Amino acid sequence: MFFRQGENCKQLATANRAAFLVDGADYFAAVADACTAARKVVYIVGWDIDSRIRLRRGLEREAETFGAFIDRIAGEKPGLQIYILEWDFAMIYSLERELWPLLSLGWKTHERVHFSLDDEHPPGASHHQKIVVVDDRIAFVGGIDLAICRWDTTEHAPDHPDRADNHSAYAPFHDMQMLVDGDAATALAGLVRERWERATGDRLEPVEISDHDPWPENIVPDLGPVEVALLRTRPRHDGEAEVREIERFYLDAIEQARSSIYIENQYLTSHVIGTALENVLLKEDGPELLLVLPKQCSGWLEQETMGALRQRLLGRLREADVHGRLRACYPDREGLGDDVINVHSKILIVDDALLTIGSANLSNRSMGFDTECNLALSAEGDKSVAQGIAGLRNRLLAEHLGTGPEQVAERLAETGSLLATVDALCTGRRRLKELRPVTHEALAVSLSADRIVDPERPISLEELLDYLDIDYGEQTGKMSIRKKAWRFAGVIAAAGLLAILWRWSPLSAWLNLNTLLAAATTVRESPLAVPIVLAIYLAGSCVMFPVTLMILATALSFGPYLGFFLALGGSLLGGVASYLLGRWLGRDVVRKLAGEKVNRLSRKLARRGWLAIAVVRVVPIAPYTIVNLVAGASHISTRSFLIGTAVGMGPGILAIMLFEGGLERAIRDPGWGSLTIAALAIVCAVLVLIFGRRWLTRQDQNHDR
């Protein structure tokens, strides 16, 4: 038997029906139908969830947003409970996401809609699962979040009128989800309840199974009954053991391949999976390998990291392809212009025998660092299951090649070759184009960045110092580099410890916003209020006090105008203090002992100047103070650090100031004047975020030209 519980799967469970939902249009509509049919409970788990998306599209009457939809069905069904769990993310990351998910999916919705952010993972990791469960009877699992820029049809038309969110169009998007019922859905409901309890501390009870069937009427099952395996990735964290079932499944499946391996994935950076693929390519009688990947990663930062790591792994595979059985390609169609089809799916199909669909990318992170969930099938000699697996592969190829699944099956039967079938059918307006090798020296390749941007496991400070090749013996003046290195490492460690203490020790009582507001009110009445507030930001940054809470307290106590300048000025003051500390303690260590690869990275980042710092402020890489310390130890100048911090944090701080200040006045003086001010504050906040993000993106693109 292929599956081994506790090794390459968590458990096996029967699905009476299973269906493959290719691309977001079918998935979003199916979720809407299933939730509408729900009676008892809906669980929604995601890396990103956005209240502003539309599940049903195409008609004016179907313009209801997701937030309005869940609020409505909760109100219409007295016994229905809805639980939404989203990965927690940093405040400044709101430039790329919905600004206030807690407000839009929690406070503004019905009391039986329960929303929480999940931050129970190692630093730098993410909660990456994408699961929806309805009444413990049916469950969706795959790569599609209920978020912006995910909806598309299988046509991936160049200018589809409904492929837009918040009045902003986006490029074609390819992904898929799997729908199961029966015991498989019940098992997934249990997994979600475990994660909810881990994230919130609240225990949810299982739903009593009834004869009610929320299966969407328009979805025709592709398989059933069938045994479905539940696979996970879970990092070692807070007493939980590491789980690498998805990685083990991939390794076992690749080793078992005889005829063909078909992969669709957003990334291709896992060195463990890469080695396994190299080994099968080197075999004389090994399988063909067809990789369907995005043409390029999004944005210069991701392209220079994950994109560069993909190029490195593809180079290894091309060298191993001594028998000509490898094809790495991307989907394309006429009329796209500068747009590309964003391949976001995470699929493996081996022969007609094995299949997995889920949230896990072929990255080191997804194999051991982030929290993931996949479903998998093994034919085990069952012809109906084998036909279902082969049918999905043919359906996906037909979509990419602009033909029908029957034509793919016929040509595959004639040639006996997956690659020959692609060559024969790649003649129309839709094609699979080969990814060409890229030979430029990318930032991440020079660094071997998988240990930093794409880690397998949480990295300890000692491992990081070893990786950076620090030589502790060199002397500089009265203080040896060894002492400086350990002092710098000690400061970083102390900052991390303080961050932990603020969250999990009795110090967390100070994180109460009411306590901070009381203290801020006292400060506001002092004639020295401004220097006191700036001193608090300076001291707070040094002791790792959450800067977001200081900003909120400043907004509510000093109003949006003075509050903005105090918050931004205080953030810059605290930031430059820790930056200068990192510069004093760490710059000699990096420049003299870290080795050429790290200095090369540092110089490349410095050439991006303030833009590099602005991007780092937008993406939640590490706590604020730790980023400042590391930036100080790099080649980045003080001027670039200050400008980048102001540009990266300014829009988010201004949005918080305007929104919270107007809301506070509306609460204290609920008249038409204060309500108008609050409404204007919200509009201004939204405009600042929209135009701030667009401006940063335009500047980023100008740098790339």
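Colleague: Let me start with helix 5: how many of its 12 residues are buried?

Modeller: Buried means under 20% relative accessible area, exposed over 50%, and partly exposed in between (1.4 Å probe, protein chains only). Helix 5 is mostly covered, with nine of its 12 residues buried. Those are Glu245, Ile246, Glu247, Phe249, Tyr250, Leu251, Asp252, Ala253 and Ile254. Helices (H or I, at least four residues) and strands (E, at least two) are DSSP runs numbered from the N terminus.

Colleague: What should I know about the model itself?

Modeller: This is a predicted model, where local features need pLDDT of at least 70 and side-chain atom pairs count only at pLDDT 80 or more, while totals for chains, interfaces and linings use all residues. Residues are numbered from 1 along each chain as its sequence is written, and side-chain values use heavy atoms, with hydrogens and water left out.

Colleague: How do helix 5 and helix 6 cross?

Modeller: Axes are lines fitted to C-alpha atoms, for helices over the stretch in contact, with angles from 0 to 180 degrees between N-to-C directions. The axes of helix 5 (residues 245-256) and helix 6 (residues 271-282) come within 10 Å and cross at roughly 5 degrees. That makes the two helices roughly parallel (angles under 35 degrees; over 145 is roughly antiparallel, 65 to 115 roughly perpendicular, the rest oblique).

Colleague: Which residues meet there?

Modeller: From helix 5 come Glu247, Tyr250, Leu251 and Ile254, and they meet Val272, Ile273, Ala276, Leu277 and Val280 of helix 6. By type, this contact holds eight nonpolar residues, no polar ones and one charged.

Colleague: Which members of the largest nonpolar core touch the most others?

Modeller: In soluble globular proteins, nonpolar side chains tend to be buried together. Here the largest nonpolar core has 59 residues, and Phe20, Val180, Leu188, Leu290, Leu355, Leu377 and Leu392 touch the most other members. Leaving aside neighbours within four places in sequence, valine 180 is in contact (heavy atoms within 4.5 Å) with residues including Ala15, Arg17, Trp215 and Leu375. A second, separate core of 39 residues includes Ala19, Ala32, Phe115 and Ile148.

Terms used
Ala, Val, Leu, Ile, Met, Phe, Trp, Tyr, Cys and Pro count as nonpolar, Asp, Glu, Lys and Arg as charged, and the others, Gly among them, as polar. A nonpolar core is a set of buried Ala, Val, Leu, Ile, Met, Phe, Trp, Tyr and Cys residues joined through side-chain atoms within 4.5 Å.
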